[in-house]
Every structure is written in C-alpha cells, then in structure tokens.
Amino acid sequence: MTVRTRFAPSPTGFLHVGGARTALFNWLFARKHGGQFILRIEDTDEKRNTAEANQVIFDGLNWLGLDWDEGPDKGGDYGPYRQSERNAVYEKHLAVLEAGGHVYEDEGAIRFRSPRKMVVVEDMVCGRIEFDMSNPATHPDMTIRRPDGSWIFHFVNVVDDIEMKLTHVIRGEDHLSNTPKHIELYNALGATPPKFGHIPLILNHEGKKLSKRDGGSSITYFMDLGYTPEAVINYLCLLGWSPGENRERLDVAEIRELFDLEHINRRNAIFDLDKCFWLNGQHILAMSLERFVQLAKPFVDKAGIPYGTEAALLPALAIVKPKVKHLSDVPDWIGFLFTEDFAMDAEAVEKSLKKPGAAARLEALSEAFATVTDWAHASLETTLKATATTLGIKTGEMVHPARVALSGRSVGPGLYEMIEVLGKDRTLARLERAKSLAAE
C-alpha cells in the first residue's frame, strides 16, 4: 500500500503554526514511508476565502520546504484539488447516500441519518476510543448540505479523502470528536476509512489554544522576522514529538529519518517563542555560509544596502554569521561596511572617543596600520596589540575606540575581521575622521 497523506487548509486567513505543524507531520510521514503528500484547498466558504490567504498558504509551505506531489498548481490523478471545483463529485456521492436511505431533507437542508451505533476509532496517536452515538440529544444528525446548496465540511472532507485515496489522516486533536461522524459517512458510502492520527493541540503560556493574538502564531511572522526554515521546522516538529535522547537541534534530513507517530506525546504542546529563537541561532551557526547568504541576501536587498557585487557581500556576511540571531538583523549588522555615511552612536562616542588620550591612540594605531603589508587578521591583531604595548595601555583601551571609529558603534562583528573586510584605505580614512571626534 502506498502511503498517501494530505494537508487541507482553508484560505481564510494566515497560515497558523498549528496548521503548518499538521502539514509538516503529514509531509514527514509520507516522505518517511516513500508515499505521496497532497495539498488540497478547502475553499467552500466563499464569504471568508481570499486570494491573499490562498497565496499565504503556498508561500508558507514553499518557504518551509514542504513540497507536495499533487495539488492545485501541480495537478494529479485525483483532482481538481480545490473543493470549489469539485461540486460534481459531491453530487455523485450525495446520490449514493440518497439511494441508500442515509439522508433526509430538513427545512431545505440535507441531513445525514446517523445509524445510532457505537463507533470505535483506532487512533494511531490516541489509541482505541469508543464513541456512543446512540443519543440524538448529544449527537444529532449532522447537516451535510445547507439550504442554499453549499456543502458542509464533514461531508466534502470525507468525500475528498475517499476520492483522493488517502491512507492516513493526521490532524489536530480538536478534530477527534468529528472522527466518529466521518466514519459513519465512510461506512454509508461503502468506503474503508483511512487510519487516523490526532496530534496534541498547541497552547500558549496561559494554557489556552494558540490564537492569532499570540506572538509567533503565524508562519508569516517567522518569515518576516528572519527565522530560518530549518529552525522553524525543527521547532514545529518538537511541538508534540520527540526523537528521544533529549535531542533538540535537528536537521530536516535527520527529522525525516527519525520521525514516527509512536513518539508523539499525548499532552498538549506549549508554544515557547524563546525556544524557537534559540534554535534559530543554533541553526544559523551550524549552516554553511552559502546557505546563510541565500537566506540573508533578500533582507539585505530589501534594505537597499549598496554592496555592489555578491563577491563583495560574501566577506561581510561571513564575519557577522556567528553573531546573527534573526536574518532581518543582517542589514543593521553590515550596513556600515558599505557606506562612509554611517551613523555614530552618541553613547559609544562619549564612552570611547571622548576619553582623554583617545585621539593619540587612534593616531598611533593609524600610523602602525599604515605600515602593514599583510592585511589579514593575524597581522592586524599583532599590530594593534604591539601599539597598545608601546603606549603602555591595555589592549581593550585600543580596541574600543578603534571599533567605534570604524563602525560607529560599540558592538558588532569581530574587530580584526571587520578591519580586514574594510581594507587598508578605508580603515585609515575612518581612523583619521574619528580623530576629530576624539578627545586629546
């Protein structure tokens, strides 16, 4: 049996992290078992659907790297993959229910007649659960078509899963109570239900279901702020699943290899943005420079930094990579390297350049650097330290004014790496300019 899973979002708002995690778990399960992952757009709610929300779904999944094998843009053997284009399919299955006496009309709506029996769900995550569907007061017959002719989620969801030959349905635990209703529909339509797996909910720190009011609840938040897809996938997979051995930072390839439904925790997951932030920094540190450039460059371009060629940008990104925690911070980290019109932080100037003797130190450093022929980290560090020794001061008393003179701030990339990237001429020019701000 070929494994077939799906992600079936409604284009009515942003791509919630809960939805993204559902997509991720389905994608991982399909990839782990050599199966297919299907994207289906459930857009029967015409009043709430928007083109923007539809695009957000595609953009978010593509950013995360969750490629699908069949979908609205790719086609496939079981399309269309938008519910708004599948009315004929639903009419056909409604006719089956009508022929079997499973539906009736109620004030213009079409209702499904429950068999009023016990329904057993063998859930891959939650285990065996028995649902008593015999009491119409607690389990009324569900509507499958509204009086205006529009379809209800439960019916079209089941029909599409049948038609698209889904073998496994992995979704949030909030859908668990819907599952016995869906199994009744499967049975009435003469179809074998897929295997179900209901994953724990994602809660905020107050123990409430994560909502759009909570920071970091949408994938767009992570995209805009400059998180890496690797870190977000890593974090999402840890919301309810564990690889064991207290491991936290995982590459996507490792997650694909290790993922299984047996290690999904039944307890609801608590969303911790600080943990995701930490993972982001870890992934940036571990990734190749090439990947870092690929992810950071769009933020640099958006900021309009005049770096010229990518060859000129590469050294600048290399020296800030160990410091960066958000990709959106990269322009601020490197902007001063590509313009002489950079701001001088007033507090840094006051603290480092206004100290007595700062001008003399910058003068001595400039003269020493002017003699350097090997403009590389080692020789630059040796020269600065030797100059400090000659002046009878600590190295830090030379480093701090030099950093402010060259970057306009007291924090930034490593001083010697920064000097190396600036080059000899610009370094000497900046030291000369800073002397006018420094105290004698």
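By class, 14 nonpolar, ten polar and seven charged residues form the lining of the largest pocket in this predicted model, where Ala, Val, Leu, Ile, Met, Phe, Trp, Tyr, Cys and Pro count as nonpolar, Asp, Glu, Lys and Arg as charged, and the others, Gly among them, as polar. Local features rest on pLDDT of at least 70 and side-chain atom pairs on pLDDT 80 or more, whereas totals for chains, interfaces and linings use all residues of the predicted model. Residues are numbered from 1 along each chain as its sequence is written, and side-chain values use heavy atoms, without hydrogens and water.

The volume of the largest pocket is about 960 Å³. Of its 31 lining residues, His16, Gly18, Gly19, Asp174 and His175 are the closest to the centre. A pocket is an open set of points on a 1 Å grid over the protein atoms alone where a 1.4 Å probe fits, with protein on both sides within 12 Å along at least five of seven lines; lining residues have an atom within 4 Å of a point. Grid points are joined across faces, edges and corners, and the volume is the space filled by probe spheres set on the points.

Helix H1 (17–32) and strand S1 (4–7) are among the elements that each supply at least two residues of this lining, and H1 gives the most, with four residues. Helices (H or I, at least four residues) and strands (E, at least two) are DSSP runs, numbered from the N terminus. S1 runs parallel to strand S2 (residues 36–39), joined by four bridges; strands pair if DSSP finds at least two bridges between them.
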